[in-house]
Amino acid sequence: MGQLGSILPLILLVVVFYFLLIRPQRKRQQEAAQMQNSLTPGARVMTTTGLFGTVVAVDNEDVILEVAPGIETRWVKAAIGRVVTPGDAPVADEPVAHEAGLDEDGKKESEATVDRNGDQDSSTKQS
């Protein structure tokens, strides 16, 4: 009976690891494989590296993506992270303030730093 008491926590630990780590990971792998095998031409996808493209053709283990008009690249199916639905696609029509070098007020970042500090911040360079 003493040996069973010392082995029981180890068995319980293995069961907990199975239900919390191994089983969910296996389920995610199966879902990813199913998604990659169901790719069809015309589907918008995002690769695991974050590249968006449209599936042009599907070979055995390869997918040809069109990333821009007339530019096609070959990827392995395992590199496809997810299929993008129209609601997930990024909106390219609206400029983002921080990408244009503007702050919340619409001023250039260097001007905003001068306005807030009264003098130019040492980390901000003006040309």
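A: **The core and its surroundings**

The protein chain has 2 helices and 5 strands, where helices (H or I, at least four residues) and strands (E, at least two) are DSSP runs numbered from the N terminus. Following the sequence, these elements come in the order α-β-β-β-β-β-α. Please keep in mind that this is a predicted model, in which local features need pLDDT of at least 70 and side-chain atom pairs count only at pLDDT 80 or more, while totals for chains, interfaces and linings use all residues. Residues are numbered from 1 along each chain as its sequence is written, and side-chain values use heavy atoms, with hydrogens and water left out.

Let's start with the core itself. The largest nonpolar core has 8 residues: M35, L39, A43, V45, V55, V63, L65 and I80. Such a core is a set of buried Ala, Val, Leu, Ile, Met, Phe, Trp, Tyr and Cys residues joined through side-chain atoms within 4.5 Å. Buried here means under 20% relative accessible area, exposed means over 50%, and partly exposed is in between, using a 1.4 Å probe on protein chains only. Across the 127 residues of the protein chain, 17% count as buried.

V45, one of the core residues, sits in strand β1. With a relative accessible area of 0%, V45 is buried. Setting aside neighbours within four places in sequence, V45 is in contact with L39, L51, F52, G53, V55, L65, I80, R82, V83 and V84, contact meaning heavy atoms within 4.5 Å. For the protein chain, residues 24 or more positions apart account for 28% of the contacts with a separation of 6 or more.

Not counting residues up to four places away in sequence, V55 touches T40, P41, G42, A43, V45, V63, I64 and L65. Among these, A43, V45, V63 and L65 belong to the core as well.

T47 is also in strand β1, and T47 is buried, at 0% relative accessible area. Beyond four places in sequence, T47 touches L65, W75, A79, I80 and G81; L65 and I80 are core members.

Moving on from β1, L51 is placed in the loop between β1 (44–47) and β2. L51 counts as partly exposed because its relative accessible area is 32%. Again leaving out residues up to four places away, L51 touches V45, M46, V67 and W75. L51 and V67 are 16 residues apart along the chain, with 7.8 Å between their C-alpha atoms.

Now for the charged side chains. There are 2 salt bridges, each defined by a side-chain nitrogen of Lys or Arg within 4 Å of a carboxyl oxygen of Asp or Glu. In one, D59 meets R74 at 2.9 Å, N to O. D59 is in the loop between β2 (52–58) and β3 (62–68), and R74 is in strand β4 (residues 71–76), so this pair ties together parts that are 15 residues apart in sequence. D59 is partly exposed, at 36% relative accessible area. D62 also forms a salt bridge with R74, with the closest N and O atoms 3.3 Å apart. That pair links strand β3, which holds D62, to strand β4, which holds R74, across 12 residues. D62 counts as partly exposed at 23% relative accessibility.

Helix α1 (residues 2–37) has 36 residues and spans 51 Å from first C-alpha to last, close to the 52 Å expected at 1.5 Å a residue; the expected span is 1.5 Å times one less than the number of residues. α1 bends by about 45° at Y18, the bend being the angle between axes fitted to the seven residues ending there and the seven starting there. The structure's 1 aromatic pair is formed by Y18 and F19, edge-to-face, at 5.2 Å centre to centre and 80° between the planes. For such pairs, ring centres of Phe, Tyr and Trp (its six-membered ring) lie within 6.5 Å, with planes under 30 degrees apart counted as stacked, over 60 as edge-to-face and the rest as tilted. Y18 is partly exposed at 34% relative accessibility, and F19 is partly exposed at 48%. Further along α1 is A32, partly exposed at 29%. A32 and K77 are 45 residues apart in sequence and 9.9 Å apart in space, C-alpha to C-alpha.
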